[in-house]
Structures are given as C-alpha cells and as structure tokens.
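The following note sets out numbered remarks on the model shown below. Each point treats one aspect of the fold or of its side-chain pairing.

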Amino acid sequence: MSTRETDGCATQLHQARRGVITEQMRHVARRENTSPQTIREEVASGRMIIPANVNHASLEPMCIGKAARVKINANIGNSQTTSDIEGELDKLHTALEYGADTVMDLSSGGDIPRIRQAIIEASPVPVGTVPIYEAASRVKQPEDLSGELLLEVIEEQAEQGVDYMTIHAGILLQHLHLVQRRITGIVSRGGGLLARWMVHHMRQNPLYERFDDILEICRRHDVSISLGDGLRPGCIADASDAAQFAELRTLGELTERAWEKDVQVMIEGPGHVPLDQLEENVRIQQEVCHEAPFYTLGPLVTDIAPGYDHITSAIGAAVMGWHGTSLLCYVTPKEHLGLPGKEDVRQGLIAYRIAAHAADVARGRPGARDWDDALSRARYAFDWNRQFELSLDPATARAMHDESLPDDYFKSAQFCSMCGPKFCPMHNFRDVDWAALRSAATKSSQSA
C-alpha cells in the first residue's frame with residue numbers, strides 16, 4: 001500500500017521502530033478500532049506483527065497480537081496424492097466466506113509454485129507457507145536437502161508474495177534424543193524431515209545454521225517468520241515435555257536474532273495439550289519468547305475423537321486465546337484422517353470462529369460481547385429473522401428452525417418446536433405480573 005524503505009529493509013517493524021506510522025498500520029487501526037499510534041507501538045515492541053509482503057498486491061493488511069482481536073488461520077493446500085488448483089481456490093473462497101484471517105498453503109505435491117501463485121493472487125488475507133515442503137518435493141529423498149536449496153525456495157516464495165513462512169529453525173540435533181520415549185515421537189512434517197536429515201548427516205539443522213541468510217531475505221520483502229514447533233507434542237501424553245521446551249528456548253533465541261534484523265516474528269505452539277496445562281503453556285511461551293505473538297494449532301485437549309477434532313481442538317483454542325494466544329490455527333474434522341475438503345474447511349472455521357470470539361469475550365475485548373447481547377435481545381423478543389441475521393452461520397440457523405416450523409407464520413411465533421407455546425420459559429417469564437410481585441415483596445419486607 002505504501003512505498004517502503006529502499007535501504008534493504010522493507011519491514012513494518014523497521015518503520016515502527018523509526019516512529020513511522022505506515023498506511024498498513026493505519027488500515028489495521030481502523031479494522032481494530034484503535035489508534036494508529038497504538039498499532040505502531042505494538043509492532044515496534046514485537047508484540048504485534050503485520051504480515052504484509054511488499055509483493056502481495058491484493059492484500060488487505062491485518063495484524064496479529066494480544067492488543068488485537070484473536071485471529072484464525074485456515075490451512076489449505078494439496079497433498080502428494082491430490083492436486084487440483086480449482087479445488088484449492090474453492091477451499092480458499094470457503095475459508096474467506098467463513099471468516100479466516102489468514103490462510104496457509106501447505107501444498108506438498110503437483111505444481112506447487114503455480115498453486116501458490118493462484119492462491120496469492122486470489123487472497124486478500126495474508127498467505128503463509130512452509131518452504132521445506134516445496135524443497136522436499138524437489139529432491140528424491142529428505143537426506144538430499146541442503147541449506148542452499150532451502151534458501152532458494154524461501155527466496156522464490158518471498159518474491160512471489162508469501163506474507164509469512166513457517167521456519168523450523170528451533171529443532172536442533174542435540175534435542176532429538178529427548179523424543180525417544182514419546183508415544184507419538186515427532187508429528188511435525190517439517191520437524192520430521194529435518195530430524196531425518198540431521199541424523200543421516202550428523203550435522204546441525206541447516207535452517208538454524210543459515211538463519212541469518214533467511215533473515216536477509218525476509219527483511220528485503222517483509223516476510224514475517226513463524227518460528228515452527230518441530231517438536232510439538234502429538235498426543236496429550238507427550239505435552240509439556242523436555243523436548244517441547246528445549247525447542248521453545250531456541251525459538252526465544254531466534255526471536256531476538258530476528259528482531260535485531262527488524263524482521264517480524266511469531267511463535268508456533270503445541271498441538272496436543274490437556275486442559276490443565278494450557279495456561280502454563282501460554283505463560284512459558286510469553287516469557288521465553290519475549291511476548292512475541294503466539295500461534296497455536298488447537299491445541300487438542302484429548303486424543304479420543306478422530307473425526308471430531310475440530311471440537312476437541314476448539315475447546316483448547318478458546319482457552320489458549322483467553323490466556324493470550326494471538327492466532328489460532330484451525331483444525332478440521334479430517335485432522336489425522338485425510339486431506340480436508342471444502343465442507344471440512346467450513347466446519348473447522350465455524351468451530352474456530354466460536355473459539356476466537358469466546359476468547360475475545362473472556363479477555364474483555366471492547367465491543368466483543370455486543371454481538372452476543374444483540375442476539376440475546378433478539379431471542380428474548382422472538383425476532384427469529386434478526387436471530388438468523390446475527391448468527392455466526394445464518395443459513396444453518398435458519399434451516400434448523402425451519403426444519404420443524406417451516407411456515408412464515410412461525411418466523412413471528414413466540415416459541416420454537418422444542419418447547420411449543422405452552423412450555424416456552426421466556427414466553428411464560430414475560431407473562432409474569434411483575435408489579436404484583438414487587439408489591440407482595442414490599443409488603444412482606446415491611447411486615448418482617
């Protein structure tokens with residue numbers, strides 16, 4: 001939107017630290033209903049990022065940080081077994097329709113650059129990637145990966161317009177022995193590829209060794225780094241273990257190195273964590289990573305519900321958002337089972353819109369509860385059409401009501417098919433003679 005610095009650093013963090021309020025910051029301030037100065041200060045501190053690659057022409061800037069409303073990311077992208085650009089664009093449009101704030105193209109097969117280009121051109125929200133996926137697709141075996149190839153892919157994706165990239169630079173060779181006794185070992189695709197490479201070559205993570213080179217690419221294009229959690233727990237039994245927190249400490253170090261180069265950073269968080277450990281996970285991340293925005297996958301709070309993990313994870317997402325997570329990565333019903341389709345994307349986003357909004361209400365986000373209160377007033381007034389309009393998913397709410405009471409007459413009826421006219425508690429409550437009740441209460445208190 002605005003012309004950036006031409007001294008080799010194009011980042012919003014660089015401008016914010018110089019005291020400059022960019023057009024992107026002003027746009028974000030309007031969306032968040034706050035002042036541009038507040039946005040500038042939050043970006044300058046590292047507590048907020050504005051993922052906005054200078055090459056993403058269709059972008060409408062947004063922010064991720066605790067001073068803003070809780071955001072949602074939707075993962076899309078093909079697999080090695082399924083490759084269809086139109087299908088991915090269909091999923092993108094569904095994600096946007098149901099409120100995704102960012103999308104990640106996790107494509108790992110087919111013509112990945114072409115798929116990504118189509119998504120970037122069609123997306124007004126920031127687009128994220130995991131560059132090691134494309135790098136791995138270019139070699140025969142993961143052991144054939146190299147630092148040079150990884151940098152080449154990162155540069156190409158930055159030039160194409162990717163706004164943020166997951167970089168698994170925190171998983172180190174000396175961490176790997178810590179996962180040996182886990183039930184599920186390493187469940188991160190990027191983490192697994194790097195672990196295999198490191199053990200084969202008995203060398204350090206090339207993303208860690210070439211991190212300064214990665215930062216130079218990011219500062220030229222203003223690519224935000226999402227520091228990946230390659231050792232995240234894949235089941236609740238593995239949560240909050242030594243491996244997870246060893247990697248997190250490295251991510252804290254990398255955060256400071258990125259900030260030294262004026263590169264924007266957020267931190268990816270655990271995937272499976274029981275309810276009683278959620279608050280502590282947020283607290284530790286905020287301390288170790290110096291309040292950089294937290295980006296969590298779920299987390300899933302139980303492992304027993306394949307096919308319903310959009311629910312098990314939304315429970316954890318709401319709690320994590322309440323305690324300070326800034327970006328929630330949605331989980332679909334297909335998690336652990338297969339590549340999500342359009343309907344899976346819809347269900348995942350609905351679950352996470354609920355979670356993010358619940359977190360905003362719990363955090364006391366100004367205006368967050370106004371939506372709830374407006375719908376509650378419409379419900380008490382038996383204004384069915386207004387209820388549908390205010391619903392998170394109006395079409396579903398209307399269809400469920402009309403399934404048993406389809407006639408237009410029932411759009412003004414003071415009951416639903418659950419209670420009927422006789423047993424509706426709100427209808428009966430409205431018929432109470434409150435004046436008589438107050439009079440009786442007054443007489444009772446006087447006689448006492």
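1. Two strands are taken to pair if DSSP finds at least two bridges between them; helices (H or I, at least four residues) and strands (E, at least two) are DSSP runs, numbered from the N terminus. On that basis, strand β3 (residues 71–76) and strand β4 (residues 102–105) run parallel and are joined by four bridges. Within this pairing, N75 has M104 in β4 as its bridge partner.

2. The model is a predicted one, in which local features need pLDDT of at least 70 and side-chain atom pairs count only at pLDDT 80 or more, while totals for chains, interfaces and linings use all residues. Residues are numbered from 1 along each chain as its sequence is written, and side-chain values use heavy atoms, with hydrogens and water left out.

3. Overall, the protein chain comprises 20 helices and 10 strands. Its C-alpha trace spans about 85 × 50 × 50 Å along the principal axes.

4. Strands β3-β4-β5-β6-β7-β8-β9-β10 form a closed barrel of eight strands with parallel pairing. From one strand to the next, the twist averages 25 degrees. For the angles, axes are lines fitted to C-alpha atoms, for helices over the stretch in contact, and values run from 0 to 180 degrees between N-to-C directions. Contact means heavy atoms within 4.5 Å. Helix α4 (residues 85–97) lies across β3 and β4 and runs at about 165 degrees to β3. Helix α10 (residues 211–221) lies across β6 (164–167) and β7 (224–227), at about 140 degrees to β7.

5. A nonpolar core is a set of buried Ala, Val, Leu, Ile, Met, Phe, Trp, Tyr and Cys residues joined through side-chain atoms within 4.5 Å. Buried means under 20% relative accessible area, exposed over 50%, and partly exposed in between (1.4 Å probe, protein chains only). The largest such core has 101 residues, and V103, I225, I267, L349 and Y352 have the most contacts inside it. Helix α14 gives the most to this core, with eight residues. Apart from it lies another core of 13 residues, including I39, A44, L59 and C63. Leaving aside neighbours within four places in sequence, the contacts of I225 include M165, F211, L215 and V265.

6. A salt bridge is a side-chain nitrogen of Lys or Arg within 4 Å of a carboxyl oxygen of Asp or Glu; the count by this rule is 28. In one of them, R47 and E42 meet at 2.8 Å, N to O. R47 is partly exposed, with a relative accessible area of 29%, whereas E42 is buried at 14%.

7. Which residue forms a salt bridge with E134? The partner is R116, with the closest N and O atoms 2.9 Å apart. E134 lies in helix α6 (residues 131–137) and R116 in helix α5 (residues 112–122), so the pair ties together parts that are 18 residues apart in sequence. E134 is buried, with a relative accessible area of 2%, and R116 is buried, also at 2%.

8. R346 forms a salt bridge with D393, the closest N and O atoms being 2.9 Å apart. This pair links distant parts of the chain, with R346 in helix α14 (residues 342–362) and D393 in the loop between α16 (384–390) and α17 (394–404), 47 residues apart. Both R346 and D393 are buried.
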